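Here is a short briefing on one chain. Look over the sequence and the structure first, then read the points by topic.

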Amino acid sequence: MTTEKGEQLRQQLIAAVVKKRAAIARAHEIVVRLLEPGIPEPEFLSLLCEIGPPNYSDIVDEREINLCGYPLCSTVLENVPKQKYSISASKNKVYDITERKKFCSGYCFKASEYIKSQVPTSPLWLRDRETRPSFQLLPRNT
């Protein structure tokens, strides 16, 4: 390989690493932003294309310390059940409620899961090559 080609390859590699680090740093900024209460819907929807599923899970996990895990809800979590399971006598089933406890209501849990299912799984630093997805919120009557 000639020195010119080697240098060109080196520059491309450096640019790729810089791009990757910038995308990861931006995703971290978004996680921090979405921990705050009172996020407007348009801003929330516009930020989703710059994070991945692990980032969204971090948002839910961090929010549930004080607030409902759903980023569009500002309800303070109170009276969170201590148990890990819920028993339904009528359905004769045992449910693991570990994830559900992070939310103030069934709607917020379902809405968060609906958004989570739409968050792109592709690498953050390659998203500029993709078509920007259009995210949908779960309708309130669901």
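At 3% relative accessibility, Y70 counts as buried. The model is predicted. Y70 pairs edge-to-face with F44, and Y70 is also among the contacts of S112. These links make Y70 a handy place to start reading the fold.

**Aromatic pairs**

- A search of the whole structure turns up two aromatic pairs.
- One of them joins F44 and Y70, with 6.4 Å centre to centre and 80° between the planes.
- F44 belongs to helix α2, while Y70 sits in the loop between α3 and β1 (85-88), so this pair ties together parts that are 26 residues apart in sequence.
- F44 is buried, at a relative accessible area of 0%.
- F103 and F109 form an aromatic pair that is edge-to-face as well, with 5.5 Å between centres and 65° between the planes.
- F103 counts as buried because its relative accessibility is 4%, under the 20% cut-off.
- F109 is partly exposed, with a relative accessible area of 23%.

**A charge over a ring**

- Which residue lies over the face of W125? K20 does, at 4.6 Å from the ring centre.

**Overall fold**

- The chain holds four helices and two strands.
- Along the sequence they follow the pattern α-α-α-β-β-α.
- Of the 142 residues in the chain, 29% are buried.
- Take the contacts between residues at least 6 apart in sequence: 58% of them join residues at least 24 apart.
- The chain exposes about 9500 Å². Carbon and sulfur atoms supply 55% of that area.

**Helix α3 and its buried face**

- Helix α3 spans residues 53-63.
- Which residues of helix α3 are buried? They are N55, Y56, I59, V60 and R63.
- Seen down the axis of α3, these buried residues fall within an arc of 140°, so they line one face of the helix.
- The buried residues of α3 pack against α1 (3-33), α2 (41-47) and α4.

**S112 in helix α4**

- S112 lies in helix α4, which covers residues 106-118.
- Is S112 buried or exposed? S112 is buried, with a relative accessible area of 1%.
- Neighbours within four places in sequence aside, S112 is in contact with Y56, V60, Y70 and F103.
- Another partner, Y70, is in the loop between α3 and β1.
- F103, also a partner of S112, is in the aromatic pair with F109.

**Cysteines**

- How many disulfides does a search of the whole structure find? It finds zero.
- C68 is in no disulfide. The nearest cysteine sulfur is that of C104, 3.7 Å away.
- C68 is buried, at 0% relative accessibility.
- C104 is in no disulfide either. For C104, the nearest cysteine sulfur is that of C73, 3.6 Å away.
- C104 is partly exposed, with a relative accessible area of 33%.

- E64 is found in the loop between α3 and β1.
- At 28% relative accessibility, E64 counts as partly exposed.
- E64 and V76 are twelve residues apart along the chain, and their C-alpha atoms are separated by 8.7 Å.
- Leaving aside neighbours within four places in sequence, E64 is in contact with L77 and K102.

How values were computed: Residues numbered from 1 in each chain as written. Predicted model: local features only at pLDDT ≥ 70, side-chain atom pairs only at ≥ 80, totals over all residues. Heavy atoms only, no water. Buried < 20%, exposed > 50% of the residue type's maximum accessible area, 1.4 Å probe, protein only. Contact = heavy atoms within 4.5 Å. Arc of directions from axis to C-beta. Disulfide = S-S within 2.5 Å. Areas by Shrake-Rupley, 256 points an atom, 1.4 Å probe, with all protein chains shown as cover. Phe/Tyr/Trp six-rings, centres within 6.5 Å; stacked < 30°, edge-to-face > 60°. Lys NZ or Arg CZ within 6 Å of the ring centre and 35° of its normal.
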